[in-house]
Amino acid sequence: MIVNVLSIAGSDPSGGAGIQADIKAISANGAFAMAAVTALTAQNTQGVSGVHLVPPEFVSEQIEAVFADIHVAAIKIGMIANAQIASAVARSISAHPEVPVILDPVMIAKGRAPLLAPDAIAILREKLLPLATVLTPNLPEAAHLLGRAPAAKRAEMEAQGRALCALGPKAVLMKGGHLDGTHSPDVLVTSESAQWFEASRTLTQNTHGTGCTLSSALAAHIGKGAALREAVTAAKAYVSAAISGADSLSVGKGHGPTHHFAEFYD
């Protein structure tokens, strides 16, 4: 049977990030995608011009409606916007501790627009990190969560991953796309080990939604029963291929999206 994966995130009308990217990535990785929307954004490849938040109680109502009727194999959490929505999401998913949670701490859009209110960071740390099976921060997001400068070297990435593990998630996948160099390494850190995943850097400006895409692909593979390292390997290979295929799309004048279905096209 095809497993069902629930994304809890904001909407991107340009289709490159948020719920739209999550649905594409989950589908491309062999799972059935569902969505509970936390926020509507007005954005395109050049930036975010507006955000309209969904009331927290209605975010919870969406999540609970899904669980009341459908078996959920995994949950991906993206944009939670503010403290009230973060708390509502934490309450709703804590009722289902058996379901793995992939938490992508969305804080800042590609164009530098803030997507997480400052008061929500404390709630994210206190209520959502302990529920996470895997936390998937990029280097600026990890730095925000820890109150440190962003990691600039691999040793610092690993150290910050361990510090984030101490806040409650079972594992942390530190994404190294912001490092300098020709490679884009990620490190999977648990309380017991650290494993590096390597990939060559693709020279393109079309990387909008890569964090959403990776975390959603990871949720799909974990939902299908893959072991954590196997799931990370598959998700990283998928997002690398999506980035490599991004320039074959023609979407906008700024940071365009990755090609979520590159493997299905000539």
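1. The structure is a predicted model, in which local features need pLDDT of at least 70, side-chain atom pairs count only at pLDDT 80 or more, and totals for chains, interfaces and linings use all residues. Residues are numbered from 1 along each chain as its sequence is written, and side-chain values use heavy atoms, with hydrogens and water left out.

2. The chain holds eight helices and nine strands (DSSP runs numbered from the N terminus: helices are H or I of at least four residues, strands are E of at least two). The radius of gyration is 17 Å, close to the 18 Å of the globule rule for 266 residues, so the chain is as compact as a globular protein of that length. The radius is taken over C-alpha atoms, and the rule is 2.2 Å times the number of residues to the power 0.38. The C-alpha trace spans about 45 × 40 × 40 Å along its principal axes.

3. Of the 266 residues, 55% are buried (under 20% relative accessible area, 1.4 Å probe, protein chains only). Among contacts (heavy atoms within 4.5 Å) with a separation of 6 or more, 68% join residues 24 or more positions apart.

4. Ala81 sits in the loop between strand E4 (74-77) and helix H3 (83-94). Its phi is near 70°, a positive value in a residue other than glycine. Most residues other than glycine have a negative phi. Ala81 is buried, at a relative accessible area of 7%.

Notes
Buried < 20%, exposed > 50% of the residue type's maximum accessible area, 1.4 Å probe, protein only.
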